[in-house]
Amino acid sequence: MTLKQLQNLRVVDQDITNDVYGTYYDKRSIEQLLEYGFILLDKPNGPTSHETVSWVKKILHVPKAGHSGTLDPQVSGLLPIGLGEATKALIVLLLGPKEYHALGRLHTLPPKEKLSDVLKQLTGKIFQKPPQRSAVSRQTRIRHVYEIEVIEQKERLLLLRILCEAGTYVRKIFYDMGEILSEGATMIELRRTRVGHFNEESNLVKMHDLVDAYALWKENGDDTKLRRIMMPIELTLSEIKSVVIRDSAVDALCHGAQLAIPGILEISPGLKRGDFVAIYTQKGEVVALAEATLTEDEIVENTKGFAFKIKRIIMAPNTYPKSWRSKPVVNN
């Protein structure tokens with residue numbers, strides 16, 4: 001199975017991959033998925049996002065895990081959790097939109113036309129200041145609200161679907177709605193239903209299902225359920241551009257080298273300087289996240305020079321053999 005982001009790439013050069021090293025991204029063992037996998041957890045009301053991740057670490061007996069996009073304790077819904085080295089790739093999901101279903105109460109019942117007009121005012125670029133209990137600096141910032149849809153209204157109770165930029169405070173949208181209406185509005189309940197290209201239909205799992213799946217694997221050797229829950233981290237990267245490299249270039253990158261043109265085999269069409277990209281092996285494993293320093297045509301037309309600046313290394317060193325030489329130490 002070929003990843004969506006590795007289809008229809010522009011070929012720069014050709015090479016073969018050695019099956020002795022690395023693993024095809026969709027052929028990983030459970031142990032490998034515990035290091036390069038992620039879970040779309042249905043976070044319950046009550047615990048913080050940090051507490052939820054701590055529970056996942058204990059359930060799966062992994063030393064390292066992290067989440068993308070903090071949910072307040074009273075908020076439920078989709079919480080992507082990366083396992084092991086995969087945690088480093090979750091930053092990409094912060095680039096995409098978030099969707100929420102929010103239930104609120106209007107303090108008075110406005111005419112339908114007036115409510116519709118207020119929601120239009122709150123769509124587009126809006127100014128927001130984080131709440132006093134927020135973990136971030138309370139500075140006014142601009143956020144983009146892409147869509148606000150009334151799903152259902154029962155007198156003063158209002159259920160909204162809100163599609164917005166990451167970092168938008170939905171509770172503040174209700175507060176501003178009340179200010180514009182003059183009589184006030186209060187959010188009652190909030191659920192996140194989408195993060196980037198993932199939604200509630202994208203293999204969302206509850207905590208007790210994770211416990212059952214892990215126990216089934218450990219006690220009976222049946223990994224069927226756990227494989228459905230843990231997915232390759234590469235699936236989170238489908239919305240950014242891609243670069244495929246030679247086996248011989250992989251370990252150098254994992255040790256901190258920048259990516260030069262001779263190591264490149266394929267690139268996304270239309271690549272521009274400054275584009276954020278994911279770098280893959282020929283087996284579809286993500287190696288690192290990087291920023292393009294050359295355009296598509298410049299990479300194709302040249303035979304040397306650095307084309308990408310590494311921003312975050314994901315693959316562990318020594319996964320592929322060393323094919324590079326260190327500079328000799330000169331003794332004075």
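The structure is a predicted model. Its chain is divided into two parts: domain 1 covers residues 4-24 together with 238-313, and domain 2 covers residues 97-195. Between the C-alpha centres of domain 1 and domain 2 the distance is 41 Å.

**Helix packing**

Two packed helices are described by the angle between their axes and by the distance between those axes. The table gives these values for two pairs.

| Helix pair | Angle | Distance between axes |
|---|---|---|
| H2 (residues 49-60) and H5 (residues 207-220) | about 15° | 10 Å |
| H3 (residues 112-121) and H4 (residues 170-181) | about 130° | 10 Å |

How do H2 and H5 lie relative to each other? Angles under 35 degrees count as roughly parallel, and the angle here is about 15°; H2 is therefore roughly parallel to H5. Their crossing is right-handed. On the H2 side, the contact is formed by Thr52, Trp55, Val56, Ile59 and Leu60, while H5 contributes Met207, Leu210, Val211 and Tyr214. Of the residues in this contact, eight are nonpolar, one is polar and none is charged.

The crossing of H3 and H4 is right-handed. Here Lys114, Leu115, Val118, Leu119 and Gln121 of H3 meet Met177, Ile180 and Leu181 of H4. This contact comprises six nonpolar residues, one polar residue and one charged residue.

Strands of a sheet pair through backbone hydrogen bonds, in either a parallel or an antiparallel sense. In this model, seven strands form an open sheet in the order S1-S14-S12-S15-S16-S17-S13, and the pairing is mixed. Which strands stand at the edges? Strand S1 (10-11) and strand S13 (259-260) do, as each pairs on one side only.

Within the sheet, strand S12 (residues 241-245) runs antiparallel to strand S14 (residues 264-267), and three bridges join them. Val243 has Ile267 of S14 as its bridge partner. Helix H7 (residues 247-254) packs on the sheet and touches S12, S13, strand S15 (276-280), strand S16 (286-292) and strand S17 (306-313). The direction of H7 makes about 110° with that of S12.

**Strands S6, S7 and S8**

Strand S7 (residues 141-154) pairs with strand S6 (residues 124-128) in the antiparallel sense, over five bridges. In this region, Phe127 stands opposite Ile142 of S7. S7 also pairs with strand S8 (residues 157-164), again in the antiparallel sense, over eight bridges. The bridge partner of Val145 in S8 is Cys164.

Which residue in the hairpin of S7 and S8 takes a positive phi? Glu155 does, with a phi near 55°, and two residues lie between the strands of this hairpin.

Key
Residues are numbered from 1 along each chain as its sequence is written. This is a predicted model: local features need pLDDT of at least 70, side-chain atom pairs count only at pLDDT 80 or more; totals for chains, interfaces and linings use all residues. Side-chain values use heavy atoms; hydrogens and water are left out. Domain bounds come from an automatic or database domain assignment. Axes are lines fitted to C-alpha atoms, for helices over the stretch in contact, and angles run from 0 to 180 degrees between N-to-C directions. Helices (H or I, at least four residues) and strands (E, at least two) are DSSP runs, numbered from the N terminus. Angles under 35 degrees count as roughly parallel, over 145 as roughly antiparallel, 65 to 115 as roughly perpendicular and the rest as oblique. A crossing is left-handed if the near helix is turned anticlockwise from the far one by less than a right angle, and right-handed if clockwise. Contact means heavy atoms within 4.5 Å. Ala, Val, Leu, Ile, Met, Phe, Trp, Tyr, Cys and Pro count as nonpolar, Asp, Glu, Lys and Arg as charged, and the others, Gly among them, as polar. Two strands pair if DSSP finds at least two bridges between them.
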